[in-house]
Amino acid sequence: MVQVAVLGYGTVGSGVVEVIEKNQQEISKRAGSEINVKYVLDLRDFPGDPIQEKVVHDADIILNDASVDVICETMGGIEPAYTFTKKALMSGKSVCTSNKELVAAHGPELIRIAKENNCNYLFEASVGGGIPIIRPLNNALTAERIDCVMGILNGTTNYILTKMEREGADFDEVLKEAQALGYAERNPEADVEGYDACRKIAILSSLVYGENVKYESIYTEGITKITPADFAYAKQMNKTIKLIGISCNNEDGKFAMVAPRMIGTESPLNCVQDVFNGILVHSNMLGDSMYYGRGAGKLPTASAVVGDVVDCVRNLGKHIGCIWDAKDAVLSDIGAFKQQYFVRAEGDAAARKAEVEGAFGEVSVVECPAVSGEFAFVTGKMSEDAYKAAAAKVSGIRSMIRM
């Protein structure tokens with residue numbers, strides 16, 4: 001029997017216990033050994049809950065117990081999760097986590113410590129919740145040269161944008177509804193400003209490049225400026241708007257960005273709705289592969305954590321390889337990243353087209369009867385710097401969304 005401890009009995013931590021208990025037979029069979037939750041660390045007590053007999057308030061009880069082989073860290077945040085994780089790995093205990101903040105900030109160091117102590121630091125649940133994406137990158141796609149990873153990496157923002165599109169509602173109105181339903185936090189900044197997606201694309205970029213991509217170096221925009229009018233134009237063009245994290249390696253360099261984008265029906269990301277996530281990987285031999293499912297939530301995320309526990313149990317005393325060096329990857333200046341742009345501007349298209357094309361070159365004008373007092377156009381493919389230079393020459397630009 002393999003003994004497991006859970007750090008944090010919140011949404012994900014309680015889900016980990018539930019998954020292990022409900023799927024005990026299947027999990028033990030696949031792991032090759034029975035798995036038992038011996039401890040749960042939390043500051044609180046849970047009277048009336050059967051878990052109470054396993055609750056401890058001192059992490060050292062777990063860290064000093066030689067019978068515990070695997071720890072599930074579901075606390076979130078940097079501290080005390082970082083200190084507990086580091087101590088666990090240094091004592092040879094594997095750690096499985098859903099903590100994207102910690103993985104993005106200290107991933108290379110914790111992987112190195114795990115390797116030095118013949119154990120593992122696994123983090124499948126840190127990016128796509130219940131969607132398998134870390135394991136495919138580390139195992140299934142190892143024969144590929146991956147040149148692009150892009151996806152909808154945050155369920156809260158995807159829910160908000162989906163509701164705005166369906167109902168023609170304002171951002172603030174839908175955000176309040178999302179908060180009432182528990183999809184958005186009381187302080188939603190990490191989600192709606194793109195910071196959550198930024199950490200996730202940083203983790204994926206690091207695994208693709210094999211070097212450390214700092215989330216602080218990734219250009220990030222949120223969804224707070226998206227309006228019903230934007231969706232009216234998108235509908236006119238048979239497109240939708242999604243918050244997309246993208247990391248690509250092309251002839252111009254390595255780029256990473258989080259920003260709202262107009263996505264056409266030719267992309268499988270177009271149909272990812274509500275709280276679901278979708279991640280698209282492009283590689284040189286396979287081409288496109290898509291990973292879709294619930295990117296958050298108690299049981300989907302817990303299932304991914306327990307999947308990592310099974311891997312750890314299968315490999316007790318053995319390190320599972322993961323190429324993520326501490327060396328910082330050099331990202332190219334986002335100003336050189338090329339794409340198309342959807343632009344809204346004041347005035348009449350016929351009267352201003354010459355001015356616009358004098359700055360941007362040939363553009364495609366978008367007519368939308370639902371929006372008055374302005375016009376819109378789509379540029380050709382151009383760099384961020386070239387867009388900014390051209391936009392400075394055109395008066396009355398109201399907004400821009402990348403495509």
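Predicted model: local features only at pLDDT ≥ 70, side-chain atom pairs only at ≥ 80, totals over all residues.
Residues are numbered from 1 along each chain as its sequence is written, and side-chain values use heavy atoms, with hydrogens and water left out.

Let's start with the helices. Two packed helices are described by the angle between their axes and the distance between the axes. Axes are lines fitted to C-alpha atoms, for helices over the stretch in contact, and angles run from 0 to 180 degrees between N-to-C directions.

Take helix α1 (residues 11-22) and helix α13 (residues 298-314): their axes come within 8 Å and cross at roughly 65 degrees. α1 and α13 are therefore roughly perpendicular to each other. As for the terms, angles under 35 degrees count as roughly parallel, over 145 as roughly antiparallel, 65 to 115 as roughly perpendicular and the rest as oblique. The crossing of α1 with α13 is right-handed; a crossing is right-handed if the near helix is turned clockwise from the far one by less than a right angle, and left-handed if anticlockwise. On the α1 side, the residues that meet α13 are Thr11, Val12, Ser14, Gly15, Val16, Glu18, Val19 and Ile20. Their partners in α13 are Lys298, Leu299, Thr301, Ala302, Ser303, Val305 and Val306. Contact, here and below, means heavy atoms within 4.5 Å. By class, this contact of α1 with α13 has eight nonpolar, five polar and two charged residues. In that scheme Ala, Val, Leu, Ile, Met, Phe, Trp, Tyr, Cys and Pro are nonpolar, Asp, Glu, Lys and Arg are charged, and the others, Gly among them, are polar.

Now for α4 (residues 81-90) and α5 (residues 100-116), which pack at an angle of about 15 degrees with their axes 10 Å apart. That makes α4 roughly parallel to α5. The crossing of α4 and α5 is right-handed. α4 brings Ala81, Tyr82, Thr85, Lys86, Leu89 and Met90 to the contact, and α5 brings Leu102, His106, Glu109, Leu110, Ile113 and Ala114. The contact of α4 with α5 divides into eight nonpolar, two polar and two charged residues.

Proline 80 sits in the loop between β4 (68-73) and α4.

At the other end of this region, the loop between α5 and β6 (121-122) holds cysteine 119, and asparagine 118 is in that loop between α5 and β6 too. Asparagine 118 has a positive phi of about 55 degrees although it isn't a glycine. At 46% relative accessibility, asparagine 118 counts as partly exposed, whereas cysteine 119 is buried at 1%. The cut-offs are under 20% relative accessible area for buried, over 50% for exposed and partly exposed in between (1.4 Å probe, protein chains only). Leaving out residues up to four places away in sequence, cysteine 119 touches Leu89, Gly92, Lys93, Ser94, Ala114 and His319. Its C-alpha atom is 7.9 Å from that of isoleucine 320, 201 residues apart along the chain.

What about disulfides? A disulfide is a covalent bond between the sulfur atoms of two cysteines. With the cut-off for a sulfur pair set at within 2.5 Å, the count comes to zero disulfides. For cysteine 148, the nearest cysteine sulfur is that of cysteine 248, 5.1 Å away. Cysteine 148 counts as buried at 16% relative accessibility. The sulfur of cysteine 271 is 17 Å from the closest cysteine sulfur, in cysteine 148, too far for a bond. Cysteine 271 is exposed, with a relative accessible area of 54%.

Asparagine 277 lies in strand β11 (residues 276-283) and is buried at 1% relative accessible area. Beyond four places in sequence, its contacts include Ile131, Leu153, Asn154, Tyr291 and Gly295. Aspartate 196, in helix α11 (residues 195-209), is buried at 7%. Again leaving aside neighbours within four places, aspartate 196 is in contact with Lys100, Leu153, Asn154, Ala190 and Asp191.

Note on methods
Helix = DSSP H or I, 4+ residues; strand = E, 2+ residues; numbered from the N terminus.
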